[in-house]
Amino acid sequence: MPTVRENARSCVFLFLPLLFWLCTGSYAQTADTSASKDASGVHAMHVLGLEGVKRNLHGTLTVQPAGLDFRAAAAHATVPSATIQDVFTDQDSRQVGGKVLTLAKMGVPYGGGRALSLFTHEKVDSLTVEYRDTNGGLHGVVFTMPMGQAEVLKKQLVALGVRASIPVASQSKKQDAGGTKQ
Amino acid sequence: MRPNRRPLLVTLTRFAMETLLLCILSLGLMPRGFAAEKPETTSAWAVQVEPVQAEVGQLPPDFGMVIYEDLIAQLVKTERFQQVFRSGDHEAEGVPNLLTLHMALQNFERGNQTERAVTTVAGATKVKVHLKVSARDGNAVVEKDVQSTVRIFGENLKATYALARNIAGVLRDAPLPAPAKGAGQ
């Protein structure tokens, strides 16, 4: 009959490959981020705001001459640049793996799951676009994307003539100085 | 012969954990109508939602916009109002029984999801707003401080969803006066 110690040891050995996979995965993601900075499309997640597009849907975000274009497997939406009132960027940090990994971490004995959380986080950028519909109603769209991508998109939108109340350079400086605390 | 107690302890602990997890899951899956009171019927009012007012740098723009967008969705879901208008919507100008919902930021603390996951006590994200719903004549119909906090699980933005749900709950349960005759004419 296995003892508690043996059970715990087998659990740790089970989760070691998971930890390794997460570390290599996050490294690969970082490398991919820097490589795809200059690409025309940015892999982004639609948090909320686009009409007819589900929340938390992953897709490709591009700046077209017509406006900001979001394309996913089953949805497509464009925010015309003429209707955009303002563009903001922000940075945040979040845990990766979703509910599955959260539950898996809860199952690791002796608080090992909490220690695992130290290695399973990533920094993300957010892009917020405010625009008005034909009736003048204010809408907001929020996207999250890998670090460093939001500023690129904001620059492209500003180049199209979109107004940004906080200029690109000053917002980056503020974020560098302020960190994540507000 | 003395029975081996260690496997029994492990079994009992596992059983307790599974029962606790089952309870949490069943609470989460409980139908909303069972947990909360049934919402009142639709009032004669329409409401126009204004975005959160905050000083520059106090509230990250994505948080403000998620509160605004999610609040509109939650208010539509309550079915308490005839119509829910967005800020600046010209169609709202001709509506006589219109309430305007203002939110002023009282406090915002951005926590950290990793801190929450590691320590379970630190890194909470908190948002607190002063809610004011006023009629066209300027009289406040509802005025209350509403807040939300993310303590253990979830992203920082979860605080905004919770706040929108809390505000919608306040308005769903608030007694609204009968609209004055000829209001806004």
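Visitor: Is the crossing of H3(B) and H5(B) left-handed or right-handed?
Guide: A crossing is left-handed if the near helix is turned anticlockwise from the far one by less than a right angle, and right-handed if clockwise. The crossing of H3(B) and H5(B) is right-handed. Helices (H or I, at least four residues) and strands (E, at least two) are DSSP runs, numbered from the N terminus. The model is predicted: local features need pLDDT of at least 70 and side-chain atom pairs count only at pLDDT 80 or more, while totals for chains, interfaces and linings use all residues. Residues are numbered from 1 along each chain as its sequence is written, and chains are lettered from A and ligands numbered from 1 in the order in which they are written.

Visitor: At what angle do H3(B) and H5(B) pack, and how far apart are their axes?
Guide: Axes are lines fitted to C-alpha atoms, for helices over the stretch in contact, and angles run from 0 to 180 degrees between N-to-C directions. H3(B) and H5(B), the latter spanning residues 158–173, pack at about 40° with their axes 8 Å apart.

Visitor: Which residues of H3(B) and H5(B) meet?
Guide: Two residues are in contact if their C-beta atoms, placed from the backbone, lie within 7 Å. H3(B) brings residues including Phe63(B), Ile67(B), Leu71(B) and Leu75(B), and H5(B) brings residues including Tyr161(B), Ala164(B), Ala168(B) and Leu171(B). By class the residues of this contact are 11 nonpolar, 3 polar and 3 charged. Here Ala, Val, Leu, Ile, Met, Phe, Trp, Tyr, Cys and Pro count as nonpolar, Asp, Glu, Lys and Arg as charged, and the others, Gly among them, as polar.

Visitor: Which residues have the most contacts inside the largest nonpolar core?
Guide: In soluble globular proteins, nonpolar side chains tend to be buried together. A nonpolar core is a set of buried Ala, Val, Leu, Ile, Met, Phe, Trp, Tyr and Cys residues joined through C-beta atoms within 7 Å. A residue is buried if 20 or more other C-beta atoms lie within 10 Å of its own, exposed if 12 or fewer, and partly exposed in between, with C-beta atoms placed from the backbone. The largest core has 60 residues, and Leu71(B) and Leu75(B) have the most contacts inside it. H3(B) supplies the largest share of this core, 8 residues. Leaving aside neighbours within four places in sequence, Leu75(B) touches Val47(B), Val49(B), Phe81(B), Val84(B), Ala168(B) and Leu171(B).

Visitor: Is Pro60(B) buried or exposed?
Guide: Pro60(B) counts as buried because 24 other C-beta atoms lie within 10 Å. Pro60(B) sits in the loop between S1 (46–53) and H3 of chain B.

Visitor: What is the strand order of the sheet in chain B?
Guide: Strands of a sheet pair through backbone hydrogen bonds, either parallel or antiparallel. Two strands count as paired if DSSP finds at least two bridges between them. Chain B has an open sheet of 5 strands in the order S2-S1-S3-S4-S5, with mixed pairing. S2 (84–85) and S5 of chain B are the edge strands, each pairing on one side only. H5(B) packs on the sheet, touching S4 and S5 of chain B, and its direction makes about 150° with that of S5(B). H3(B) lies across S1 and S2 of chain B at about 165° to S1(B).

Visitor: How do the side chains along S4(B) point?
Guide: In S4(B), residues 125–134, the side chains alternate. S3(B), residues 98–109, pairs with S4(B) in the antiparallel sense over 9 bridges, and Met103(B) stands opposite Leu131(B). S4(B) and S5(B), the latter residues 140–150, run antiparallel and are joined by 10 bridges. Across that pair, His130(B) has Asp145(B) as its bridge partner. The hairpin of S4(B) and S5(B) has 5 residues between the strands, and Gly138(B) takes a positive phi near 95° there.

Visitor: Which strands stand at the edges of the sheet in chain A?
Guide: The open sheet of 7 strands in chain A has the order S4-S3-S2-S1-S7-S6-S5 with antiparallel pairing. S4 (76–80) and S5 (84–95) of chain A stand at the edges with a single partner strand each, so one side of each lacks a neighbour in the sheet. The twist averages 30° from one strand to the next.

Visitor: How many residues of each chain are in contact with the other chain?
Guide: 32 residues of chain B are in contact with 32 residues of chain A. On the side of chain B that touches chain A, H3(B) gives the most, 7 residues. That side has 14 nonpolar, 9 polar and 9 charged residues. H3(B) also lies across S1, S5, S6 and S7 of chain A, at about 130° to S7(A).
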